[in-house]
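Open the model in a viewer and keep the selection tool at hand. The stops below go from a cavity to a helix and then to a single residue.

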Amino acid sequence: MTNYFKVNNPATGKLISEVRVNTLDEIQQALENGHDSFKKWSKVNAHERSRLLRKWSDKIQEQKEEIAEVMTLENGKPLSESLGEVDYATSYIDWYAEEAKRIYGRTIPAATETKRIIVSREPIGLVAAITPWNFPAAMMTRKAAPALAAGCTFIVKPAEDTPLTTIKLVELAHEVGIPKDAIQYVIGDGKEVGELFTSSEFVRKITFTGSTPVGKALIKNSADTVKHVTMELGGHAPLIIAEDADLDVVVNQTIISKFRNAGQTCVCANRIIVHENVIEEFSAKLAAEVMKLKVGNGLEKDTQIGPVINEKGYTKIVEQIQDAVDKGAEVLVGNEYDANKEKGYFFVYPTVLKNVNEDMKIMQEETFGPVAPLISFKEIEDAVEIANSTPYGLAAYFFTNDYKTGTYLHEHLQFGIVGWNDGAPSGAHVPFGGMKESGIGREGGLEGIEPYLETKYLSIGNL
Ligand code: SIN
């Protein structure tokens, strides 16, 4: 029996497409094809791989508007953000098109005159990726581009909610001449495909962006075949506001960090930790700006906050807000909803909560929604303790113009990404990734190609 995933517009609940689910045999075959094509693709010279990646990026840019519209339709994010994400996605391809040509080896001085030692870097093999719905283009290219640049072949399973953007991007890769089996997509249930990927002898590496529990399961399942793993998992970012911070800058950067993609990013500020002497002024300023954010269908002009992705996401956000309110949080703005279970759309209005404490769920669990909880601190050491108190270590932000406070925070925050007076630190040129239970490995920048390479050394003797 042929199965289809229904892809619905989260802003209206309306069906936009039905995507055929691959059978398990088809997925096995795709893995075998990816494995076989590695022999050829890994031998394509680096300059040619680079040229093909550039062509892919240009082709995506040619169709930027069309791709952005598909993204907004399936994900709900405002069109301006989808256009921005297409640029973000191609920036990874552009970056790794260059890095393809810079995969250097080295020589090591031997311990005797009769030997020479050469270290070379080789692509790891077939890479299997599982990508999330919150950035359906950029999270795919952030993995595919370094994999292909390194000479690996690549297979991706996009999220069930947002497969259309990925399908389009893979088709464009084929159009520009990247071989069909060098980059493939498969459609299927997350758990089933995850098990096939992790147990397959053809796959040498798993790369995943998504929740920490799923990441842990993938790591465990990858152990039997000793696969390499890159895991970009959950976050619960603190944003610390010191007493001396420029509050207008902070409000602006907090809104960028917190409300991008309706708060559905792994790096968004989830716990706003404010010095007690400025919390009144800051919360009033923040609430005044948050009130102005326009909620609506992402295709409508001026929309700044789209719907949340689905009922599961919506329920979690509402429960966190309710739990906080029940335990004494004050709602400065928001705690309003426009949701229709029958029709299948779920909007959460941007919400600011004051008088939050660490016993509330919202301070312990990742939120993935447009909610900004504010908690106060007295001493900077207390702010750090609150910030480091969860198992997550992806992103953290702090605002201060005092270099001693800034240096202290930089050195004590246990996070892979730290923004100092900066609410938007992401980019293709930087090593994105988390500490603790937020992940393993880095994506982007110089570090982002490393996970796709093996190291081999040659020792020549008897010279
Ligand atoms: C994410 O939320 O997983 C990615 C966000 C980013 O790349 O900035």
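Start with the largest cavity, which holds about 90 Å³ of space. This is a predicted model, and the structure has one cavity of 30 Å³ or more. To find it, select Phe 135, Met 139, Arg 142, Arg 260 and Phe 432, which lie nearest its centre among the 13 lining residues. By class, that lining consists of six nonpolar, four polar and three charged residues.

Next, select helix α8, residues 212-222. Colour Thr 212, Gly 215, Leu 218 and Ser 222, which are buried. These residues lie on the same side of α8, because they cover an arc of only 120° around the axis. An α-helix has 3.6 residues a turn, so residues three or four places apart point the same way. Now turn to the other side of α8, where Pro 213 and Lys 220 are exposed.

What do the buried residues of α8 pack against? Show β5 (126-130), α7 (190-199), β8 (203-209), β9 (228-232) and β17 (392-393): these are their packing partners. At the N-terminal end of α8, select Ser 211, which caps the helix with a side-chain oxygen 3.3 Å from the backbone nitrogen of Val 214.

Last, go to strand β6 (residues 153-157) and pick Thr 153. Is this residue buried or exposed? Thr 153 counts as buried because its relative accessibility is 0%. A polar atom of the Thr 153 side chain lies 2.8 Å from the backbone oxygen of Gly 34. Beyond its neighbours within four places in sequence, Thr 153 has contacts that include Ser 37, Phe 38, Trp 41, Leu 126 and Asp 181.

How values were computed. Residues numbered from 1 in each chain as written. Predicted model: local features only at pLDDT ≥ 70, side-chain atom pairs only at ≥ 80, totals over all residues. Heavy atoms only, no water. Helix = DSSP H or I, 4+ residues; strand = E, 2+ residues; numbered from the N terminus. Buried < 20%, exposed > 50% of the residue type's maximum accessible area, 1.4 Å probe, protein only. Polar contact = N/O pair within 3.5 Å; in protein donor to acceptor, adjacent residues only side chain to side chain. Contact = heavy atoms within 4.5 Å. 1 Å grid on protein atoms, 1.4 Å probe; cavity = no way out; pocket = protein on both sides within 12 Å on 5 of 7 lines; lining within 4 Å. Points joined across faces, edges and corners; volume = space filled by probe spheres on them. Nonpolar A, V, L, I, M, F, W, Y, C, P; charged D, E, K, R; others polar. Arc of directions from axis to C-beta.
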